[in-house]
Amino acid sequence: MNEQRVAELIRGLLKEIGEDPDREGLRKTPARVAQTFAFLTSGYRSDFKEVINQAVFQSHANNMIIIRDIEIYSLCEHHMLPFFGRCHVGYIATNKVLGASKLARITNCFARRLQIQERLTAQIAREVKDAVNAEGVGVVMECRHLCMMMRGVEKQNSVMTTSSVLGSFHDDAPTRAEFLTLINRPQA
Ligand code: ZN
């Protein structure tokens, strides 16, 4: 991403909305916005396989592993406004596990792009499944969308929930029920 070029575009945007990009408070804004967007869209440029490779460990366990409340910050592709919330990931691996902090990095790889929540949820599920060759994966995500809160329907308190279940989490009702019970349990 060419930050210089993005800064020029933001300067043009400021003019179009009726601002003076040369006034004191805005002089550094185009450069700041360019830096911010470089970060918020860094998922397009992150070396995804490297993140995965460093995150997989051998294990003989094949029980369900759940990581709850992974913070999610992303940008909706329709309005380029943030949506944010949390996601819960569960999987049953065969001989491999994912490091918990690395799982959060995997979610960041996909969240730091222009997204819709449904696709973000499905991409995380698919990638976790492939990374550890899981027999099943479940991802549930709950987010608030600023494009709904600040504009349009102005629904302040609505939370969108999306889920993606693959493998045994899809095919086997008791497995899916165990996952849902565990992610809805009160905090430890
Ligand atoms: Zn939107």
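Cysteine 76 and cysteine 147 are both buried. This is a predicted model, so please keep that in mind for what follows.

Those two cysteines belong to the zinc site. The protein donors of the zinc ion are Cys76 through SG, His79 through ND1 and Cys147 through SG, at 2.1 to 2.3 Å from the ion. Along the chain, the donors have the spacing C-x2-H-x67-C. Cysteine 76 sits in strand β2, residues 64–76, and cysteine 147 in helix α6, residues 146–149, so the pair ties together parts that are 71 residues apart in sequence.

Helix α1 covers residues 3–16 and helix α2 residues 29–40; their axes come within 8 Å and cross at roughly 125°. The two are therefore oblique to each other, and the crossing is right-handed. On the α1 side the contact is made by Glu3, Val6, Ala7, Ile10, Arg11 and Leu14, and on the α2 side by Thr29, Pro30, Ala31, Val33, Ala34, Gln35 and Ala38. Sorted by class, that contact has nine nonpolar, two polar and two charged residues.

The other pair is α4, residues 100–111, and α5, residues 117–132, which pack at an angle of about 135° with their axes 10 Å apart. That makes α4 oblique to α5. Their crossing is right-handed. From α4, Leu103, Ile106, Thr107, Phe110 and Ala111 meet Leu120, Gln123, Ile124, Glu127 and Val128 of α5. By class, this contact of α4 with α5 has seven nonpolar residues, two polar and one charged.

Note on methods:
Residues are numbered from 1 along each chain as its sequence is written. This is a predicted model: local features need pLDDT of at least 70, side-chain atom pairs count only at pLDDT 80 or more; totals for chains, interfaces and linings use all residues. Side-chain values use heavy atoms; hydrogens and water are left out. Axes are lines fitted to C-alpha atoms, for helices over the stretch in contact, and angles run from 0 to 180 degrees between N-to-C directions. Helices (H or I, at least four residues) and strands (E, at least two) are DSSP runs, numbered from the N terminus. Angles under 35 degrees count as roughly parallel, over 145 as roughly antiparallel, 65 to 115 as roughly perpendicular and the rest as oblique. A crossing is left-handed if the near helix is turned anticlockwise from the far one by less than a right angle, and right-handed if clockwise. Contact means heavy atoms within 4.5 Å. Ala, Val, Leu, Ile, Met, Phe, Trp, Tyr, Cys and Pro count as nonpolar, Asp, Glu, Lys and Arg as charged, and the others, Gly among them, as polar. Donors are N, O and S atoms within 2.8 Å of the metal (3.2 Å for Na, K and Ca); water is not among the atoms, so sites may look incomplete. Buried means under 20% relative accessible area, exposed over 50%, partly exposed in between (1.4 Å probe, protein chains only).
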